[in-house]
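Q: Please go through this model and say what each label attached to it rests on. Start with how its parts touch.

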Amino acid sequence: MGLVKLTYREAMRAAIRDALRRDDRVFLMGEDVGRYGGCFAVSLGLLEEFGPERIRDAPLSEGAFVGAGIGAAMNGMRPIVEIMTVNFSLLALDQIVNNAATLLHMSGGQFNVPVVIRMTTGAGRQLAAQHSHSLEGWYAHIPGLRILTPATVEDARGMLWTALCDPDPVLVFEHGSLYNAAAQIDENAGPVDIDRALVRRPGRDVTVATYGGMLPRCLEAAEDLARDGVDAEVIDLRTLRPLDDAMILDSVRHTHRLVVVDEGWRSGSVSAEISTRVVEQAFYDLDAPIERVCTAEVPLPYARHLEEAALPGPVAIAAAARRTVGDGR
């Protein structure tokens, strides 16, 4: 069994191709996914390979094509709907929140909505506020939705098919800064478990919990901490709803300290939810107050130095971890 080197973008494309081959009911729909190959080139070449019935260019109307995807899912298809960025998904919020998330419950269990909606999230590419926010925490608030945040090439390759097998709506948030990231994965890599968080770096002194585009920054911070003798355990949450509480609590009970790194804004964030759950369930296991490292509460700036200053970086993450450790290590 060999290894193959893929970028995150190529892994997503391989996952879509694999799904199209596995199941005739699968099709991809969105703005520019066909002739243009997707605004981030994820679907490049798929139109030529699978034809316009299965790679469908949609008009500039998020509410319409997300709604069409929901309708197709209710009628037996397995649509993959692509929205360019999470900011534009707000134009389809009614379809996602009031229809996809609710129809199973409002129909008394008669109608599942097995739609997968992919979108780009996050900053770091100088695309300014309307293309750079991290709103996955908003969607993680909604019952009826499953929220995935692949942070590695292997998860970019493996999460899609598992999501398509789910009878209910799944939203996949692909961080824009990861598309060019490359890694070697098994050439036969396939579906992955989307129910469990993973320890990406074991450690004993402090737990650093994060997801998506913040994972590389947390791993970089962990290496910096290691040079000072601080052994950080880095957890990749992978799924924001439902959260893998057991993994988070097990790690905290092992290290007794927690830093949550979240590219969303601090107020009402994923980091707030995780902090509260740990306080509710493992307060007496903590040896220090929980630290949160989040994006500054401003619309993301365009200027590179301001954008970088607004985002959680390895220096701030390492500083937060050092504060939790203090002299008690």
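A: The model is a predicted one. In it, 30 residues of domain 1 are in contact with 24 residues of domain 2. The two parts are domain 1 (3–186) and domain 2 (198–325). Their centres, taken over C-alpha atoms, are separated by 26 Å.

Q: What makes a residue of domain 1 count as in contact with domain 2?

A: Contact means heavy atoms within 4.5 Å. By that cut-off, 30 residues of domain 1 and 24 residues of domain 2 are counted.

Q: Why are helices α3 and α5 called roughly parallel?

A: The axes of α3 (residues 62–74) and α5 (residues 93–100) cross at roughly 25°. Angles under 35 degrees count as roughly parallel, and α3 and α5 are therefore given that label. The two axes come within 8 Å.

Q: Which residues of α3 and α5 meet, and what classes do they belong to?

A: From α3 there are Gly63, Val66, Gly67 and Ile70, which meet Gln95, Ile96, Asn99 and Ala100 of α5. The contact has four nonpolar, four polar and no charged residues. Gly counts as polar in this scheme, so Gly63 and Gly67 of α3 are placed in the polar class.

Q: What makes the space lined by Gly137, His141 and Arg277, among others, a pocket rather than a cavity?

A: A pocket is an open set of points, whereas from a cavity a 1.4 Å probe cannot get out. The largest pocket holds about 260 Å³ of space. Its lining includes Ala140, Leu240, Arg241, Pro242, Leu243 and Glu273. By class, the lining of the pocket has five nonpolar, four polar and three charged residues.

Q: How do you know that both domains take part in lining the largest pocket?

A: The lining of the largest pocket draws at least three residues from each of domain 1 (3–186) and domain 2 (198–325).

Q: How many cavities are found, and what lines the largest of them?

A: The search of the whole structure finds four cavities of 30 Å³ or more. In the largest cavity there is about 70 Å³ of space. Among its lining residues are Thr121, Glu136, Phe173, His175, Tyr211, Met214 and Glu263. Strand β7 (residues 170–175) gives the most to this lining, with three residues. The classes are three nonpolar, six polar and three charged. Domain 1 and domain 2 each supply at least three residues to the lining of the largest cavity.

Q: What makes the peptide bond between arginine 241 and proline 242 a cis bond, and where is proline 242 found?

A: Omega of that bond is about 0°, and the bond is cis. Proline 242 is found in the loop between β12 and α10 (245–255). Both Arg241 and Pro242 also line the largest pocket.

Q: Why is the phi of aspartate 32 worth noting?

A: Most residues other than glycine have a negative phi. Aspartate 32 has a positive phi, near 65°. Aspartate 32 lies in the loop between β2 (26–30) and α2 (46–50).

Methods:
Residues numbered from 1 in each chain as written. Predicted model: local features only at pLDDT ≥ 70, side-chain atom pairs only at ≥ 80, totals over all residues. Heavy atoms only, no water. Axes fitted to C-alpha atoms, helices over the stretch in contact; angles between N-to-C directions. Helix = DSSP H or I, 4+ residues; strand = E, 2+ residues; numbered from the N terminus. Parallel < 35°, antiparallel > 145°, perpendicular 65-115°, else oblique. 1 Å grid on protein atoms, 1.4 Å probe; cavity = no way out; pocket = protein on both sides within 12 Å on 5 of 7 lines; lining within 4 Å. Points joined across faces, edges and corners; volume = space filled by probe spheres on them. Domains from an automatic or database assignment.
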